[in-house]
Amino acid sequence: AEVRYVTPDGSASADGRTASTAWSLEHALATAGPGTVVFIRGGDYGDLRLRQSTDGRADAPIRFIGTDPSWALPAPGARASVSGTEPVDPGVMPLLRGVLSGNRGSGTALQVDGDHVHVENVQVARYSIGFDFRGSHQVMRNLVSDHHGDFSGRPYEGWGMFVRGDHARVERCFIRDGAAEGISIRGSDGVYRDIEVVGIDG
């Protein structure tokens, strides 16, 4: 597999082959192809609205894997995320952090359209939609989605995670404060386990 690296200060003009020549996250999502593993260094990536559209293959998925700032991965089977009322922490996993207007988030943090795409160890907070997964045979593992939508009570807005494609696999995810819904599952024949959905605000 090809391996590429992403950091908060990475560049689209770099080759992404080492930590010192890392890609930007936007460029990684637009560029990575089948069989590529992209390691995303922990840190605050700010108010980004990102979309991934390239398909992987069953024998060569595209994998986006978050790490901590020292490039360490979570222990196998562990959920390296927040729980309860703990704040999201970019020192644990990469974080996309929207900007609230009042107590309302807007836009979508990360939309993934490609089939056979894996996203692991990523956090998003303060949007209208956190994660929007639209392809088939996608894997979502150890994701954190926090505080999305309009907490005034109207309109009906704010989703932690959409899963629209078939044959999804969603594991070890923590979803907190989706003003409308924590997780909305539209696809069929998926596997869903160890998903915690909680409401604190509102």
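Leaving aside neighbours within four places in sequence, which residues is Glu157 in contact with? I list Arg104, Gly105, Ser128, His148, Gly149, Asp150, Ala179 and Ala180. Contact here means heavy atoms within 4.5 Å.

Before going on, I note that this is a predicted model, where local features need pLDDT of at least 70, side-chain atom pairs count only at pLDDT 80 or more, and totals for chains, interfaces and linings use all residues. Residues are numbered from 1 along each chain as its sequence is written, and side-chain values use heavy atoms, with hydrogens and water left out.

**Entry: Glu157**

I placed Glu157 in the loop between β9 (139–148) and β10. Helices (H or I, at least four residues) and strands (E, at least two) are DSSP runs, numbered from the N terminus. Is Glu157 buried or exposed? Glu157 is buried, at a relative accessible area of 13%. Buried means under 20% relative accessible area, exposed means over 50%, and partly exposed is in between (1.4 Å probe, protein chains only).

I then checked the side chain. The side chain of Glu157 makes a polar contact with that of Arg104, at 2.8 Å. A polar contact is a pair of N or O atoms within 3.5 Å; within protein, one must be able to donate a hydrogen and the other to accept it, and residues adjacent in sequence count only if both atoms are side-chain atoms.

I also looked up Glu181, 24 residues from Glu157 along the chain. Their C-alpha atoms are separated by 8.1 Å.

**Entry: strand β10**

β10 covers residues 159–163, and five of its five residues are buried. On one side I looked at β8 (residues 129–133), which runs parallel to β10 and is joined to it by four bridges. Two strands pair if DSSP finds at least two bridges between them. Phe131 has Met161 as its bridge partner in β10, and Asp132 has Phe162.

β10 also pairs with β12 (residues 181–185), again in the parallel sense and over four bridges. There, Val163 has Ile185 as its bridge partner.

**Entry: the sheet**

What is the order of the five strands in the open sheet? I read β3-β6-β8-β10-β12, with parallel pairing. β3 (50–52) and β12 stand at the edges with a single partner strand each, so one side of each has no neighbour in the sheet.

**Entry: Ser24**

Last, I found Ser24 in the loop between β1 (2–6) and α1 (25–31). Ser24 is buried, with a relative accessible area of 12%.
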